[in-house]
Amino acid sequence: MDFQRRLTRVVNIGGVPLGGTYPVRVQTMTNLPTADIDGQVAQILRSVKAGAEYVRITTPTLADVEYLQQIKNRLSKGVPAFAGMTSASNGIIPLIADVHFSPKVAIAAAKVAAKVRINPGNFLRTTDNRQPITDNRSYLDQLHAIMRPLLGVCKEHGTALRIGTNHGSLSERILNQYGDTPEGMVQATLEAVRICQSENFHDIVVSLKSSNVKVMVEATRLLVQRMDQEGMDYPLHLGVTEAGEGEDGRLKSAIGIGSLLVDGIGDTIRVSLTEDPEFEIPVAFGILQASRARITRTEYISCPGCGRTTFKLQEAVKKVKEATAHLTGMKIAVMGCIVNGPGEMADADYGYVGAGPGKVHIYKGKNAVLKNVAEDQAVEKLLEIINYVDKS
Ligand code: SF4
């Protein structure tokens, strides 16, 4: 089945385009104080080496914007091109300023960063968001007035803007009106997006994040529905906030981000782990691969094995993976028996299927092209078939 991705507009992020038919981009965020320039640069380089295409840095104050500039200067000669690195535009890794609150800081950051992230839930600090505001017009007028200069600077510097709403930081006004709901998250986001549109600013990326996977998925689906109704085609950034660490964090991220990717939603992802940023990257590429949103390596399909298995299945999977790890974009199946294996290996390009004790059939698509190959020669024969077909 072909992957149908929701078509979004292309937004330039420091020379590495996002959206449209560009690959779903992988990003991460550093976790050190912004003032730790050496530490930041080292983390960024490790993240780029792992495959990060954008790196976000927390920039809550004007002093942090200065540090961001210093980090950018340190990286201005370009980052080393690593094997498999598809990201950097002329070796320059786009830096994203994570601002959240302050319009003044956002304006300063927009002159330095490739993209600035603001949070509509806490961006308007000229009024106290903790006090209920019932006069929507007045609030929106204030928000508009405060966003206008930022959008002007973004236009002037070619800087993109992420309108990043978080479930945990909705304003009191939104909470009073819509409650702590996906609808509230959607409304808070759309208010800011409409202001950008009215200023003819369209270099926007949107995100709705929550540590609750169901809320994150439901809110993002709802946002896409509403954006489609309003003819908005802005790219989506996906992530589960505070996902945790280890297996828990990986599972939560895979479910939240993966559910949306298989819907065809999502243009950039960040796997948010309580670990150093470079460890997020392989997880992100794994999620993209598993959801078939971005294929960067061979996909393996293998059955668990059962009483019908007639050879050492686990060993065979390991051997096939080792022998074919250099291939990309292929689907290779290793199945325990010819009774169910060929049917269950679905759309695999090649198959290694147990045919009897110590015997393997090699499949190309749904056809057994070599039959009853001795198990100790089967991997070699599989490679021959792949090479033969590739050359033909
Ligand atoms: S494909 Fe065959 S060996 Fe594998 S689990 Fe199914 S029935 Fe068992």
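Visitor: Which domains does the domain assignment of the protein chain give?

Guide: This is a predicted model, in which local features need pLDDT of at least 70 and side-chain atom pairs count only at pLDDT 80 or more, while totals for chains, interfaces and linings use all residues. Residues are numbered from 1 along each chain as its sequence is written, and side-chain values use heavy atoms, with hydrogens and water left out. The bounds come from an automatic or database domain assignment, and they give domain 1 (11-290) and domain 2 (299-391).

Visitor: What distance separates the centres of domain 1 and domain 2?

Guide: The centres are taken over C-alpha atoms. Between domain 1 and domain 2 the separation is 42 Å.

Visitor: In what order do the eight strands of the open sheet run?

Guide: Strands are DSSP runs (E, at least two residues), numbered from the N terminus, and two of them pair if DSSP finds at least two bridges between them. The edge strands, each pairing on one side only, are β8 (204-209) and β9 (237-238). With parallel pairing, the order is β8-β7-β6-β5-β4-β3-β10-β9.

Visitor: Which residue in β10 stands opposite Q27?

Guide: Strand β3 (residues 25-29) and strand β10 (residues 268-270) pair in the parallel sense over three bridges. Opposite Q27 stands R270.

Visitor: Which residues are around the ligand?

Guide: A residue counts as near if one of its heavy atoms lies within 4 Å of the molecule. The residues around the ligand are C303, G305, C306, R308, T309, G336, C337, N340 and G341.

Technical notes:
Helix = DSSP H or I, 4+ residues; strand = E, 2+ residues; numbered from the N terminus.
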